[in-house]
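Thanks for coming. I have one model to show today, and I will keep to a few places in it.

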Amino acid sequence: MEYGRRRIIATTGELAAIADGCSDGTPVMLDVDEIEPGHDPREPRDWAVVARIDHLPLNEAGELAGPGDRIATGEPDAEGQEPLLFTPVLMLQSRKLATPGEIGPVARAADPCQRRADAYELIEREGEAGLYLMELLEAVAELRREVADLAADKDRLLHPAARRHLDSLGDALRDARSSADHATRFSTVCELLRGGATEKWADELDAGRPCDPGGLHQMLVELPGMGGSELACRVHAAVARERVPDALVSPNPHAAP
């Protein structure tokens with residue numbers, strides 16, 4: 001089986017054929033369950049078992065490396081470089097397909113907690129908060145629905161005081177959902193607002209207006225005391241020109257048209 005290529009496993013025979021193509025002792029691991037965009041949440045039969053061959057690093061004991069393990073290295077090459085040692089691993093996962101019988105190009109973790117964790121890492125890695133805010137919005141909305149169902153207490157299983165407090169919690173979650181919804185409008189941020197050098201002018205630059213996601217690097221703005229210019233979107237370049245005295249605003253000559 002070609003490295004990295006995913007394949008749907010529908011029968012034990014297909015799984016056995018893949019296993020026969022692996023060397024004895026090849027580790028088998030379960031990958032994170034995933035769902036593809038556009039899948040039908042009402043159709044459980046669209047779940048499939050998917051296999052792929054991955055290469056994972058070995059530690060110095062010859063086992064699959066875990067967090068904090070030192071990666072094993074091989075003999076030095078002609079240039080004296082010691083290559084890291086990897087081993088093939090047969091990965092199996094459950095994957096909800098958007099098109100039955102066909103593996104789509106994109107999928108995300110099926111577990112909402114895992115999706116939020118992945119999206120949070122994306123903020124730290126790339127500074128992109130939109131995906132996390134959308135996941136947060138869905139989580140708050142789902143929790144609000146659960147609390148509302150429980151507070152209704154149709155079978156009268158709860159203490160009356162519990163129902164009252166759950167009603168209050170539902171109101172708070174309604175406000176939280178509204179706040180999360182509004183936050184998604186501000187998920188994209190230009191470098192001018194992101195930069196710590198602009199904290200002095202944060203109130204003036206905020207203006208409660210979202211950045212222009214299609215033109216985050218179109219302008220250059222230099223604020224008093226910055227000592228240099230910063231990339232900015234058109235929206236907040238205009239805000240800086242209007243609200244910050246002596247702000248220098250100009251088009252970015254290197255920006256894509």
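First, the ground rules. This is a predicted model, in which local features need pLDDT of at least 70 and side-chain atom pairs count only at pLDDT 80 or more, while totals for chains, interfaces and linings use all residues. Residues are numbered from 1 along each chain as its sequence is written, and side-chain values use heavy atoms, with hydrogens and water left out.

The strand is β5, residues 86-96. Eight of the eleven residues of β5 are buried, where buried means under 20% relative accessible area, exposed means over 50%, and partly exposed is in between, using a 1.4 Å probe and protein chains only.

Within β5 sits Val-89. Its relative accessible area is 0%, so Val-89 counts as buried. Among the residues that Val-89 touches, beyond four places in sequence, are Pro-27, Met-29, Ile-53 and Leu-64. Contact means heavy atoms within 4.5 Å.

Now Lys-96, also in β5. Where is the nearest opposite charge? Lys-96 is buried and has no salt bridge; Asp-46, the nearest side chain of opposite charge, is 5.4 Å away. For charge, Lys and Arg count as positive and Asp and Glu as negative, with His and the chain ends not counted. A salt bridge is a side-chain nitrogen of Lys or Arg within 4 Å of a carboxyl oxygen of Asp or Glu. What the Lys-96 side chain does have is a polar contact with the side chain of His-39, at 3.4 Å, and it reaches the backbone oxygen of Asp-40 at 2.8 Å. A polar contact is a pair of N or O atoms within 3.5 Å; within protein, one must be able to donate a hydrogen and the other to accept it, and residues adjacent in sequence count only if both atoms are side-chain atoms.

Next, helix α7, residues 234-243: its buried residues are Val-235, His-236, Ala-237, Val-239 and Ala-240. Their cover includes α5, α6, β7, β8 and β9.

How many salt bridges are there? The structure holds 16. Glu-142 and Arg-145 form one of them, at 2.6 Å, N to O. These two are three residues apart in helix α3, residues 130-152, and therefore about one helical turn apart. Asp-153 and Arg-163 form another, at 2.8 Å. Asp-153 is in the loop between α3 and α4 and Arg-163 is in helix α4, so this pair ties together parts ten residues apart in sequence. Both Asp-153 and Arg-163 are buried. Glu-60 and Arg-70 also meet in a salt bridge, at 2.9 Å. Glu-60 is exposed at 58% relative accessible area, and Arg-70 is exposed at 62%. Finally, salt bridges link Asp-31, Arg-52 and Asp-54 in a network.

Methods: Helices (H or I, at least four residues) and strands (E, at least two) are DSSP runs, numbered from the N terminus.
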